[in-house]
Amino acid sequence: MKKSGFFYRAFNLYYEGFRNMRLGKTLWAIIAIKLFIMFAILKVFFFPNFLKQHAGSGEEADYVTKEFVERAE
């Protein structure tokens, strides 16, 4: 890899920055844990798969089309 290339310099900027952080690593760990909780755990408990409950397998497109047409009328 060419050391004067754009991608090398961009990677090196982030690599050196993260390597020298002390508090930043802890903050990034907290951010990663919060994102995991928001997208993995909360989705399972609070956002059920609506289409799976109301339409059979392979009929999702028909159900969505029917709902759009009925709500537009």
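Student: What separates Phe11 and Tyr15 in helix α1?

Tutor: In this predicted model, Phe11 and Tyr15 are four residues apart in helix α1 (residues 6–19), so about one helical turn separates them.

Student: Why are the rings of Phe11 and Tyr15 called a stacked pair?

Tutor: Two rings pair if their centres lie within 6.5 Å, and planes under 30 degrees apart count as stacked. The ring centres of Phe11 and Tyr15 are 5.8 Å apart and the planes meet at 20°, so the pair is stacked.

Student: What makes the pair of Phe6 and Phe7 edge-to-face?

Tutor: Edge-to-face requires planes over 60 degrees apart. The count by this rule is two aromatic pairs. For Phe6 and Phe7, the centres are 5.4 Å apart and the planes stand at 70°, so this pair is edge-to-face.

Student: How do you know whether Phe6 and Phe7 are buried or exposed?

Tutor: A residue is exposed if its relative accessible area is over 50%. Phe6 has 56%, so Phe6 is exposed. Phe7 has 66% relative accessibility and therefore also counts as exposed.

Student: Why is Phe11 called exposed, and why is Tyr15 called partly exposed?

Tutor: The relative accessible area of Phe11 is 54%, which is over 50%, so Phe11 is exposed. Tyr15 has 44%, which lies between 20% and 50%, so Tyr15 is partly exposed.

Student: What makes Ala32 partly exposed?

Tutor: Ala32 lies in helix α2 (residues 23–46). Its relative accessible area is 45%, between the limits of 20% and 50%, and Ala32 is therefore partly exposed.

Terms used
Residues numbered from 1 in each chain as written. Predicted model: local features only at pLDDT ≥ 70, side-chain atom pairs only at ≥ 80, totals over all residues. Heavy atoms only, no water. Phe/Tyr/Trp six-rings, centres within 6.5 Å; stacked < 30°, edge-to-face > 60°. Buried < 20%, exposed > 50% of the residue type's maximum accessible area, 1.4 Å probe, protein only. Helix = DSSP H or I, 4+ residues; strand = E, 2+ residues; numbered from the N terminus.
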